[in-house]
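The sequence and the structure are shown below.

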Amino acid sequence: MSRPTGRVLILLELLQSGGTRTVAELADRLGVDGRTVRRYVDRLIELDVPVESVRGRYGGYRLGPGYRLPPLMLSDDEALAVLLGLVAGRRAGLTTTTDTASETASAKIRRVLPRHVARRLDTLLESLAFTDRPGRFATPDAAVLLTIADAVRHHRPVSMRYTDGNGRQSERVLHAYGIVAHSGRWYVTGKDARIDEPRNFRLDRITDARALPGSFEAPRGPDPAQRLLSGLAAAEYRHEVTLRIHGTVEQIRARLPVGVASLEEYEPEVGEDRAAERWRRVTLWAERLDWLPPVLAALDRPFVVERPAELRDLVAALADRLASYARQD
């Protein structure tokens, strides 16, 4: 690549980073004079790159808005960041139903990487480990995801077909407040207009989403992520569990986070520290109870099981097993 051509591509990269660049700034970055900068700009315009001239004291050059530029130029660190993002997204399940999109995007970037950068990436991926096991998550349709995102941004109602966990289909009209990625899944939180109640929906269970005429006003209050976590914690499950735990909010939340349990706060007495250890009521819902005794043991705080009685039996059984293990030689 000749030096003038290389400088033209560097100029394109500088303009791609956004904003207006003065002639003096561009000349300094390219190591040329202002006249040469203008000549390089003319070269880009000849290639149909929409470079705009901005007049005035702070004028210079900028790219026209909304133009998809060929080529997309990435530095070594930027290319590594994009590839690692694709790897992490696949690992976390945060992809769409077009599973091949991330694979082909990775392949395209890797194909044009310089050898030394590709070696750095391979070395990193070979040494990279995850603390969780790779899972296979149901992923949303890209068109559904983009349609609902547009409805969130413009506060438009959206019509959709939803399939619940039991396979039942229904037609819904949703006032979508936000999209939340949580534990490897995509959710949309909002109000079901048919029943006028807040609801959370898994995006991978939504089909035929389309925006409707009109608009709605998003309510004030918790943000979409907080709404989702509160909704998941209060979802209908087989067992309703009520506990009293003696400790600070931080100690309890370390083992029973917002997405798992709701915590009843009491107003502190006069002069009492709000962060002090005291009895607090915790409520949660669960399909199974067998995972709770080890969690409560790991809390290492005094607790009382108010209900169900079945959980008391499971806690007592775990305590007996631990005591028998401790007595073994």
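In this predicted model, a search of the whole structure finds 2 aromatic pairs. A pair of aromatic rings is described by the distance of the centres and the angle of the planes; the table gives these values.

| Aromatic pair | Centre to centre | Angle between planes | Geometry |
|---|---|---|---|
| Tyr162 and Phe201 | 4.8 Å | 75° | edge-to-face |
| Tyr177 and Phe216 | 6.2 Å | 55° | tilted |

The edge-to-face pair of Tyr162 and Phe201 links distant parts of the chain, 39 residues apart: Tyr162 belongs to strand E3 (residues 158-163) and Phe201 to strand E6 (residues 197-202). Both Tyr162 and Phe201 are buried.

The planes of Tyr177 and Phe216 stand at 55°, so this pair is classed as tilted. Tyr177 is located in strand E4 (residues 169-182), whereas Phe216 is in the loop between strand E7 (206-211) and helix H8 (224-233); the pair therefore ties together parts that are 39 residues apart in sequence. Tyr177 and Phe216 are likewise buried.

Helix H2 (residues 23-30) contains the buried residues Val23, Leu26, Ala27 and Leu30. Because these four residues cover an arc of only 100° around the axis, they lie on the same side of H2. An α-helix has 3.6 residues a turn, so residues three or four places apart point the same way. On the other side of H2, the residues Ala24, Asp28 and Arg29 are exposed. Gly31 follows H2 and has a positive phi, near 70°.

How values were computed. Residues numbered from 1 in each chain as written. Predicted model: local features only at pLDDT ≥ 70, side-chain atom pairs only at ≥ 80, totals over all residues. Heavy atoms only, no water. Phe/Tyr/Trp six-rings, centres within 6.5 Å; stacked < 30°, edge-to-face > 60°. Helix = DSSP H or I, 4+ residues; strand = E, 2+ residues; numbered from the N terminus. Buried < 20%, exposed > 50% of the residue type's maximum accessible area, 1.4 Å probe, protein only. Arc of directions from axis to C-beta.
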